[in-house]
Amino acid sequence: MRLHIPHNLMWLSLAAIAATSGCDRGKQDAYADRGTSAASTVAVSPSTIATASTIAPAAPGAATPGTAQLNPGDLSFLSAAARGNEAEIATTELGMSRGNAKNKQLSRMLNGDHVALRDEITSLAPTLGTPPTVEVAKELSDLQGEAFDARLLATYREQHEAAIAMFTSASTDTTLSESVRLLASDALPKLRSHLTAVQAAGAPE
């Protein structure tokens, strides 16, 4: 017994099969395209990472952000300031051990401030190293009693007048770096107060 399939139904079935086959091929093509795109993305990523990892490091000796860069004039001033400061520290140490009660107290105050200034200079210019030890002038170290105290105050006055002149000049010297000018200007009020205290200590009672 043969089945009779109407022509119109047969054509509908064939059309459905063709449509399904075309849809499957479309999906395959789409996945193929997507795979190609993904492959190219994977290929780029390692290259990008490799490029980022090959950034050249900073050259040896290059300036680190925030590090003060000192010129020869800066180092010349700081070296002279360090030497003068060490002379004042040496004088205060002798004053603390040999002066009268009033001058010992004055010497301790001066010593604390000048040791702090030493640390500031060393921090700004570590390449200068530790300042050399300075000997107290023989004309002071050989004295005792009232003669010593009188000469001690005269030495303090001379040292502070010289320091004030040096630091005043440096604070406005545009050939020096800003950090050096700032150190000089910041130190001036303390140096001036020291000179005032020394002058008051030497005034007759």
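Biologist: What should I know before reading the values?
Modeller: In this predicted model, local features need pLDDT of at least 70, side-chain atom pairs count only at pLDDT 80 or more, and totals for chains, interfaces and linings use all residues. Residues are numbered from 1 along each chain as its sequence is written, and side-chain values use heavy atoms, leaving out hydrogens and water.

Biologist: How many salt bridges are there?
Modeller: A salt bridge needs a side-chain nitrogen of Lys or Arg within 4 Å of a carboxyl oxygen of Asp or Glu. One of them joins Lys 138 and Asp 142, with the closest N and O atoms 3.2 Å apart. By this rule the count is 4.

Biologist: Which residue forms a salt bridge with Arg 118?
Modeller: Arg 118 lies in helix H3 (residues 101-124) and its partner in helix H2, so the pair ties together parts 32 residues apart in sequence. Helices are DSSP runs of H or I, at least four residues, numbered from the N terminus. The closest N and O atoms are 2.8 Å apart, and the partner is Glu 86.

Biologist: Is Glu 86 buried or exposed?
Modeller: Buried means under 20% relative accessible area, exposed over 50%, and partly exposed in between (1.4 Å probe, protein chains only). Arg 118, at 26%, is partly exposed. Glu 86 has 7%, so Glu 86 is buried.

Biologist: Which residues are linked with Arg 151 in a network of salt bridges?
Modeller: Arg 151 is partly exposed at 22%. Its closest N and O atoms with Glu 158 are 3.3 Å apart. The network links Arg 151 with Glu 158 and Glu 139.

Biologist: With which side chain does the side chain of Glu 88 make a polar contact?
Modeller: Glu 88 is in helix H2 (residues 72-98). At 3.1 Å, the partner of Glu 88 is His 160.

Biologist: Which helix gives the most to the lining of the largest pocket?
Modeller: H2, H3 and helix H5 (145-171) each supply at least two lining residues. With 6 residues, the top contributor is H2.

Technical notes
Polar contact = N/O pair within 3.5 Å; in protein donor to acceptor, adjacent residues only side chain to side chain.
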